[in-house]
Amino acid sequence: VTWTTNKDNKFLFLQQMGEWYLDDKCIQKTVDEIGAASDLQTECCHAEPIVVCHYRDKPSIVPCHDSPPIDKDKPSWWDTPVLTS
């Protein structure tokens with residue numbers, strides 16, 4: 001994911017695409033702040049992705065019809081016709 005304007009958007013797009021596994025309590029924290037020096041993976045990583053819809057007009061693992069568009073006046077990504085050859 002290198003096509004975003006900033007890291008904030010990358011985080012949102014990774015969540016929306018079902019590619020985010022890190023618990024919120026571990027973001028921007030040191031091991032000492034998390035308090036999980038013995039088992040950081042168990043404390044911070046989920047076995048299943050954490051899927052959150054943010055934008056309806058960007059690719060997503062689930063339909064995000066109720067989310068706002070990031071680009072003005074764009075339809076849902078799920079409503080965009082698929083081109084076939």
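The torsion about the S-S bond of Cys26 and Cys44 is about -85°, so this disulfide is left-handed. A disulfide here is a pair of cysteine sulfur atoms within 2.5 Å, and the sulfur atoms of Cys26 and Cys44 are 2.0 Å apart. Cys26 lies in the loop between helix H1 (7-16) and helix H2 (31-34), and Cys44 lies in helix H3 (residues 40-44), so the bond ties together parts that are 18 residues apart in sequence. Helices are DSSP runs of H or I with at least four residues, numbered from the N terminus.

The model is predicted, so local features need pLDDT of at least 70 and side-chain atom pairs count only at pLDDT 80 or more, while totals for chains, interfaces and linings use all residues. Residues are numbered from 1 along each chain as its sequence is written, and side-chain values use heavy atoms, with hydrogens and water left out.

Both Cys26 and Cys44 are buried. Buried means under 20% relative accessible area, exposed means over 50%, and partly exposed lies in between, with a 1.4 Å probe and protein chains only.

The structure holds two disulfides. The other joins Cys53 and Cys64, with sulfur atoms 2.1 Å apart; this link is also left-handed, with -70° about the S-S bond. Cys53 and Cys64 each lie in the segment after H3, so their bond ties together parts that are 11 residues apart in sequence. Cys53 is partly exposed at 29% relative accessible area, whereas Cys64 is buried at 3%. With the bonded cysteines numbered in sequence order, the pairing is 1-2, 3-4.

What of Cys45? The closest cysteine sulfur to that of Cys45 is in Cys44, at 6.2 Å, which is too far for a bond. Cys45 is partly exposed, at 41% relative accessibility.

I turn now to the charged side chains. A salt bridge is a side-chain nitrogen of Lys or Arg within 4 Å of a carboxyl oxygen of Asp or Glu, and the count by this rule is two. In one of them, Glu43 meets Lys25 at 3.0 Å, N to O. Glu43 belongs to helix H3 and Lys25 to the loop between H1 and H2, so this pair ties together parts that are 18 residues apart in sequence. Glu43 is partly exposed at 32%, and Lys25 is partly exposed at 44%.

Asp71 and Lys58 also form a salt bridge, at 2.7 Å, N to O. Asp71 is partly exposed at 32% relative accessibility, while Lys58 counts as buried at 18%.

Note on methods
Helix = DSSP H or I, 4+ residues; strand = E, 2+ residues; numbered from the N terminus.
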